[in-house]
Amino acid sequence: MSSASFDGARRVPVAVNEPVRSYAPHSPERASLQARLATMAAETVEIPIVIGGKRLHTGDCGTVTMPCDHQHVLATFHKATPAMVHDAIASCAAAKAEWASWRWEDRAAVLLRAAELLTTSWRDTLVAATMLGQAKTVHQAEIDAACELIDFWRFNVQFAQELYAEQPISDHTMWNQLDYRSLEGFVYAVSPFNFTAIGGNLPTAPALMGNTVIWKPGATVMLSSWYLYLLLEEAGLPPGVINFIPGDPAAISDVALTHRDLAGVHFTGSTGVFNNMWATIGKNMDHYRSYPRIVGETGGKDFIVAHPSADPQALAVGIVRGAFEYQGQKCSAASRAYVPKSMWPDVKARCIAMMSEMKQGDVRDMSNFVAAVIDQKAFTRIKGYLDDAKTSATIVAGGECDDSVGWFVQPTIVETNDPAHRMLCEEIFGPVITIHPYDDASWSDILTTVDATSPYALTGAVFARDRAAIQEASNVLRQSAGNFYINDKPTGAVVGQQPFGGARGSGTNDTAGSKMNLLRWTSVRTIKETFASPTAWRYPFLGAE
Ligand code: NAD
């Protein structure tokens with residue numbers, strides 16, 4: 001039932017960030033990955049539902065296709081029925097008894113082994129699945145599916161150690177202790193398409209803290225999610241600790257979100273979906289055993305604001321990399337930029353020159369910098385914005401879309417003089433950035449505009465060489481971004497270096513990959529033990545004068 005006895009203060013290995021492999025031409029890692037890409041592209045994987053370690057098939061299937069070649073089917077996945085979601089919740093309860101009673105170091109060991117497997121034997125599989133299934137270039141797949149997830153697992157273990165070490169003061173008469181209990185019930189983890197690493201982190205962070213989990217990955221991220229699940233099994237994750245539940249999101253949520261034992265939601269995705277989940281929980285408040293912990297990291301409308309003192313080349317690189325890497329499908333992607341009118345012609349020319357060198361196409365051709373957007377829905381949405389911008393604003397570069405083979409949208413720069421244009425306010429989630437050139441003399445006013453323009457507050461960047469301008473931007477934009485960058489693009493947060501999260505409409509800011517996130521998956525019990533129990537009921541003040 002409980003883990004083997006062990007006395008001694010254990011220390012987890014010190015976490016260090018996983019080095020990023022280059023995959024340069026003729027490197028051994030490139031040859032090995034190319035071989036894995038070829039085998040994976042030639043097969044069609046059948047993905048089951050997994051409850052309590054058992055593989056289940058319903059015959060009601062969805063398909064996973066390649067965004068770069070949308071007729072190419074990579075996998076089919078079985079969709080869970082509502083009854084299966086009930087079974088998965090029961091499986092969480094059954095597995096919890098043992099999992100939560102283990103010493104936390106034994107739970108940590110599962111994640112440390114998972115990290116080591118991902119570093120070595122599973123790396124090609126996860127990187128290749130992320131390239132084929134989610135259309136990431138090799139570099140984008142490497143920093144996500146390999147490095148970021150390895151970092152999440154190693155650093156979370158170290159953060160858990162630090163958290164558990166936080167204990168109250170005691171003295172010789174009493175011993176005060178915090179017991180970091182898991183939550184009562186199950187955690188519902190719902191992951192987005194755009195980061196394999198987030199799919200790996202959402203269920204495992206609560207599991208590390210002793211919880212059991214229902215994990216519902218998005219349909220378009222199913223291939224890499226399935227391989228992640230298999231990796232966790234190989235790492236020693238006991239059956240039922242994480243139940244793998246693909247299927248219709250609304251049908252699964254109808255059961256999970258209204259269940260009496262819902263202890264928490266760990267969500268990353270769009271603001272609208274998260275708001276609906278929160279509203280459903282609100283409507284069911286009388287029904288739960290505890291107050292569910294609701295953690296969600298959601299949308300963004302991330303900005304770059306440049307001061308007239310900015311370095312034009314650094315700014316242009318920040319715009320191009322920040323807006324177009326992974327086709328702008330990062331919650332942190334730069335999608336609006338405010339550039340002084342005096343600088344814009346120069347910066348525009350630099351951006352256009354860089355864009356003219358960027359190749360777009362299938363991720364298996366490693367000379368491509370940009371690939372396809374995730375699916376038809378995204379393609380149609382982004383194309384709609386571009387069609388609108390063709391008449392309501394100016395397309396400076398790009399603007400074309402082609403869905404004949406894959407869901408390809410050209411990297412696009414739009415320009416508008418209207419600071420309230422919808423291209424500057426709404427999350428588009430594609431390779432599109434809108435520039436608003438502003439009068440150089442209106443620096444302070446433009447900061448107020450940046451702050452007030454969108455409902456989100458995820459990431460943002462200021463480019464300036466003038467220190468007073470940097471300080472002013474940092475102050476005025478204090479609530480406008482959870483991750484604020486100075487003279488750097490607003491993407492690319494690294495676990496352990498830049499804890500990630502946003503406020504306002506961008507989420508609950510429980511910063512993924514930090515101690516603050518782990519805190520949400522534990523509910524402390526305070527224990528006071530006295531070594532000197534009082535033996536008289538009277539206090540001294542009651543004594544005779
Ligand atoms: P999405 O909201 O469409 O989907 C996210 C998850 O929610 C998926 O698993 C999906 O199946 C599920 N879902 C969809 N409809 C649902 C419903 N009715 N009930 C319950 N679950 C439902 O988001 P996406 O397209 O996968 O990801 C892109 C979005 O995620 C963008 O808005 C982006 O900004 C955001 N995002 C935010 C962060 C962050 O850290 N803030 C990180 C990555 C992505």
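**Entry 1: ground rules.** I am working on a predicted model, where local features need pLDDT of at least 70, side-chain atom pairs count only at pLDDT 80 or more, and totals for chains, interfaces and linings use all residues. I number residues from 1 along each chain as its sequence is written, and side-chain values use heavy atoms, with hydrogens and water left out.

**Entry 2: positive phi.** I noted that phi of Gln-327 is near 60°, a positive value in a residue other than glycine. Gln-327 sits in the loop between α10 (312-324) and β13 (334-340). Helices (H or I, at least four residues) and strands (E, at least two) are DSSP runs, numbered from the N terminus. I also noted Tyr-23, a residue other than glycine with a positive phi near 55°. I found Tyr-23 in the segment before α1 (28-41). Its relative accessibility is 2%, so Tyr-23 counts as buried.

**Entry 3: aromatic pairs.** I searched the whole structure and got 15 aromatic pairs. Rings of Phe, Tyr and Trp (its six-membered ring) pair if their centres lie within 6.5 Å; planes under 30 degrees apart count as stacked, over 60 as edge-to-face and the rest as tilted. I looked at Trp-99 and Trp-102, a tilted pair at 5.1 Å centre to centre with 55° between the planes. Trp-99 and Trp-102 are both buried. For Tyr-229 and Phe-244, the ring centres are 5.6 Å apart and the planes are at 40°, so I list this pair as tilted. The pair links distant parts of the chain, with Tyr-229 in helix α7 (residues 222-234) and Phe-244 in strand β9 (residues 242-244), 15 residues apart. Tyr-229 and Phe-244 are buried too.

**Entry 4: a lysine over rings.** I found Lys-136 over the face of Phe-195, 3.8 Å from the ring centre. The charged end of Lys-136 also sits over the ring of Tyr-326, at 4.4 Å from its centre. A charge sits over a ring if NZ of Lys or CZ of Arg is within 6 Å of the ring centre and within 35 degrees of the ring normal.

**Entry 5: the largest pocket.** I read off a volume of about 1200 Å³ for the largest pocket. On a 1 Å grid over the protein atoms alone, a pocket is an open set of points where a 1.4 Å probe fits, with protein on both sides within 12 Å along at least five of seven lines; lining residues have an atom within 4 Å of a point. Of its 46 lining residues, Phe-193, Gly-269, Ser-270, Val-273 and Lys-377 are the closest to the centre. Domain 1 (43-298 + 507-528) and domain 2 (302-486) both give residues to the lining, so the largest pocket lies between them. The domain bounds come from an automatic or database domain assignment.

**Entry 6: the second largest pocket.** I noted a volume of about 860 Å³ for the second largest pocket. Its lining also has 46 residues, and the closest to the centre are Ile-143, Glu-148, Phe-195, Gly-492 and Ala-493. Helix α5 gives the most to this lining, with 8 residues.

Notes: Buried < 20%, exposed > 50% of the residue type's maximum accessible area, 1.4 Å probe, protein only. Points joined across faces, edges and corners; volume = space filled by probe spheres on them.
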